[in-house]
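Notebook open, model loaded. I want to look up a couple of residues, then the cores, then the pockets.

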Amino acid sequence: MEAKIVKPAATFADKPRPEGNDLLEQADPTAMARNRSPAAESPAPSRPLSPRAIYQSVTASIESVMRGQSVAIRRLLAALASGGHVLLEDYPGTGKTTLAKALARSIDARFKRIQFTPDLLPSDILGVSVFNQRDQTFSFHEGPIFADILLADEINRASPRTQSALLEAMAESQVSMDGQRRPLGPLFFVVATQNPIEFRGTYPLPEAQMDRFAMQFDLGYIGPADEVAVLTAQNAGHPVDNIKACVSLEDILRLREGAQNVLMSEELKHYVVSLVTATRRAPGVQLGASPRASIALMKAAQALALFDGHDFVSPEHIQEVATPVIAHRLVLEPQARFSGMTTRQVMEEILKRVPVPV
């Protein structure tokens with residue numbers, strides 16, 4: 001009789017054959033790390049940008065469009081970081097509107113633009129209450145002033161009545177409508193433009209509104225090499241349309257907080273007050289700068305010190321922005337104005353005359 005050999009049944013579970021990435025991991029311990037999909041890993045939490053890094057990021061974004069305007073960009077961001085507003089006054093076509101739009105596109109915030117015209121009404125800026133017949137109630141429709149960054153283009157073309165609609169908003173970041181106080185956003189930054197050579201159909205800004213602007217400066221014409229670069233950049237469209245937001249609203253608020261924490265010595269505070277006080281008794285000046293100018297100069301100098309990576313303000317920071325902060329607030333006497341004197345010349349003389357603290 002032929003014997004049969006019977007194999008015993010397996011009493012243990014065979015180890016499954018490794019497949020795919022498991023096989024790679026056994027063959028090479030580092031293979032899994034090389035072939036693992038990035039989406040499978042949890043992203044590391046991103047650290048918030050430092051205030052100086054925020055400034056550098058926004059500057060690089062704007063400079064990709066605005067060639068040869070590093071000084072104007074630095075002043076614009078100093079006003080933004082100090083919580084003030086800016087008036088750009090220069091000839092047509094120098095890039096005033098482009099500068100404001102490049103700033104707005106670089107920040108992930110609400111941006112509105114108002115083209116000022118003689119027939120513009122205050123309600124076109126602030127908003128209007130509309131009666132709802134179904135509910136028998138009034139509902140308020142916000143105007144373009146309810147934005148984080150507002151471009152007031154050719155502001156001197158609007159009537160004084162319409163211009164005055166901005167006074168409360170620029171000074172107190174609020175709008176009073178129908179007996180109610182409506183606060184604006186924490187950023188609320190106004191960039192206004194005007195052309196100095198156009199007089200037909202324009203209304204000069206009143207002194208009270210000029211005093212609401214932290215800075216007033218021009219852009220000027222750029223050099224030939226930069227102008228050629230501008231021509232090249234606009235072959236296939238306007239480069240401002242390609243700007244993407246590089247910082248958020250919270251980043252800009254952190255930038256402002258960082259500027260406020262920059263130290264300023266008592267000697268430099270007295271220096272700021274001395275510069276402003278000198279404008280009130282300068283020859284040819286009918287109306288000098290107010291204490292609001294002292295506050296704006298101090299905050300702008302703090303912002304510049306932050307941009308330079310300093311923990312304290314130096315006299316050079318104050319001197320750098322003294323003219324764009326103070327000059328537009330001065331009112332010259334008629335004789336001095338007719339003789340060709342300018343408020344910028346007055347500030348330059350004051351900066352030379354007032355002693356700098358050591």
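I started with T117, which sits in the loop between β3 (111–115) and α6 (122–126). Helices here are DSSP runs of H or I with at least four residues, strands are runs of E with at least two, and both are numbered from the N terminus. I checked how open the spot is: T117 is partly exposed, because its relative accessible area is 28%. My cut-offs were buried under 20% relative accessible area, exposed over 50%, and partly exposed in between, with a 1.4 Å probe and protein chains only.

What does T117 touch, not counting residues up to four places away in sequence? I found R157 and A158, with contact meaning heavy atoms within 4.5 Å. I also looked at N156, 39 residues along the chain from T117, and the two C-alpha atoms are 8.5 Å apart.

A note on ground rules. This is a predicted model, so I kept local features to pLDDT of at least 70 and side-chain atom pairs to pLDDT 80 or more, while totals for chains, interfaces and linings use all residues. Residues are numbered from 1 along each chain as its sequence is written, and side-chain values use heavy atoms, with hydrogens and water left out.

Next, confidence. pLDDT is the predictor's confidence in each residue, from 0 to 100; the protein has a mean of 85, and 86% of its residues reach 70 or more. Residues 1–45 stay under 50, and I get nine contacts beyond four places in sequence for that stretch.

Overall, I have 16 helices and 13 strands. Of the 358 residues, 43% are buried. Taking contacts between residues at least 6 apart in sequence, 77% join residues at least 24 apart.

Then R74, in helix α4. Is R74 buried or exposed? R74 counts as buried, because its relative accessibility is 15%. Leaving aside neighbours within four places in sequence, I see R74 in contact with Y55, L304, F307, D308, H317 and E320.

On to the cores. I took a nonpolar core as a set of buried Ala, Val, Leu, Ile, Met, Phe, Trp, Tyr and Cys residues joined through side-chain atoms within 4.5 Å. The largest one has 73 residues, and I62, L77, L103, L297, F307 and I318 have the most contacts inside it. Helix α13 gives the most to this core, with 10 residues. I followed up L77: beyond four places in sequence, L77 is in contact with Y55, V58, T59, I62, L103 and F307. There is also a second, separate core of 26 residues, including F116 and F140.

Last, pockets. A pocket is an open set of points on a 1 Å grid over the protein atoms alone where a 1.4 Å probe fits, with protein on both sides within 12 Å along at least five of seven lines; lining residues have an atom within 4 Å of a point. The largest pocket holds about 1,000 Å³ of space, a volume being the space filled by probe spheres set on the points. I counted 37 lining residues, with E89, Q194, M210, H328 and L330 nearest the centre. Helix α9 gives the most to that lining, with three residues.

The second largest pocket has about 530 Å³ of space. Its lining has 27 residues, and S82, G83, G84, M170 and K299 lie nearest the centre. Here α13 gives the most, with five residues.
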